[in-house]
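Here's a short walk through one structure, taken a piece at a time. Have a look at the sequence and the 3D view first.

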Amino acid sequence: MASQTSPVLGLRALNRATLARQLLLYRDAEHRTTARAAVARLVGLQAQNVKPPYYALAARLHDFDPQELSALMEAREVARTVTLRSTIHTHTADDCLSLRPFAQPGGPERELAVFAKRLDGVDLDRLAAVTRELLDERPRPIGDLRAALVAQWPDADPLALTVAARCLLPLVQVTPRGLWGRSGQVTLTTAERWFGRAVEQAPSSDTMVLRYLAAFGPASVKDMQTWSGLTRLRPAFDRLRPELLTFQDEKGVDLFDLPDAPRPDPDTPAPPRFLPEFDNVLLSHADRSRIVPGDAKGRTWKGNQPYRVFLVDGFLAGIWQLDETADAAVLTVQSFGTLTRAERAALAEEGERLLTRMAPATNRQVRFGQFAQPVRARRAAGQ
């Protein structure tokens, strides 16, 4: 346990530290970084849908061009794959090949167990071998893969077969799926075939604790377990304790951090940021109050549909929607509370910046108010 004399980090201190790690506090030439470096630093980007990684980088990087990430995907330097919590992330090639073994017990294996009853009579080792043979032969749309597996196991549940395949093997969604401004159905191949090298040994828990704290700290053991989907990580924190700083939050929870990591002054200005649905910063702590105020809980989802959100003064303050036609783009900002004149002006400026970078339409508008229509479902099929 941390000593009772451990320094206490207040909510704003945690907020500013997390924003700094997440590249959301500063975005200027002095703090400029590349898209590839950002993907590696953040240990991947949530990518359940195609566009969120692009909006995540637009919020974080100076003069981000979405074609930069698309070019990395086409060059096979980054890719979409299932890792943490058995959800799709955009990772660097190195992380695609190493994080999957690390995340396997906390995500894919757990998801596989959910479908086990629908796989009676299916030998999982053979299913993995057949899937590997099919996808090493050529990338296959998920529907084609499902049909080929059903031909081998006609009595098994078709969905369960494809879910099991992605849980058993590290698979990659090949381009043009995931490219900016392009469309493409989910088409899969093995990570080994896509990158031309073998899956690596899983990094140690100690290594991943350090990477997690660099991207999301200061944080508790439970925070990292929420992010990774894994349990029993306390021994790793205990081993690293001599190398780490220890704090407590205002609730008395033990927090750990890297000695040289940024912990800005709590009064450091935090400019507004427009974030995608499923953004890393929203999902990677057990206690999300450092970003999500209590009165915002439950207001960023409608049924099982998430909204895109924006931050004001570093904290979640509302939701946004972008409606595009061939020649017009309207960004609607819907606040959860009253915005000051200065906050509205800053949000409008940030919204204009977002539209300039991400919407090719000639006519662009930022408006404040209720959404004109319900947010359309954006969850991608074939995760």
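## Across the sheet

On its other side, Thr332 stands opposite Arg367 in E16. What you're looking at is a predicted model, where local features need pLDDT of at least 70, side-chain atom pairs count only at pLDDT 80 or more, and totals for chains, interfaces and linings use all residues. Residues are numbered from 1 along each chain as its sequence is written, and side-chain values use heavy atoms, leaving out hydrogens and water.

These strands belong to an open sheet of five, in the order E10-E13-E14-E15-E16, with mixed pairing. Strand E10 (273–275) and strand E16 (363–368) sit at the edges with a single partner strand each, so one side of each has no neighbour in the sheet. From one strand to the next, the twist averages 25°. Strands here are DSSP runs of E with at least two residues, helices are runs of H or I with at least four, and both are numbered from the N terminus. Two strands pair if DSSP finds at least two bridges between them.

| Pair | Sense | Bridges |
|---|---|---|
| E10 and E13 (residues 308–312) | antiparallel | three bridges |
| E14 and E15 (residues 328–335) | antiparallel | seven bridges |
| E15 and E16 | parallel | six bridges |

Arg273 has Leu311 as its bridge partner in E13. E14 and E15 make a hairpin, with three residues between them.

## A helix on the sheet

Helix H3 (residues 52–60) packs on the sheet and touches E10, E13 and strand E14 (315–324), its direction making about 165° with that of E10. Contact means heavy atoms within 4.5 Å. Axes are lines fitted to C-alpha atoms, for helices over the stretch in contact, and angles run from 0 to 180 degrees between N-to-C directions.

## A buried loop residue

Gln104 is in the loop between helix H5 (93–103) and helix H6 (108–115). Is Gln104 buried or exposed? Its relative accessible area is 16%, so Gln104 is buried (under 20%; exposed is over 50%, partly exposed in between, with a 1.4 Å probe and protein chains only). Leaving aside residues up to four places away in sequence, Gln104 touches Glu109 and Cys167.
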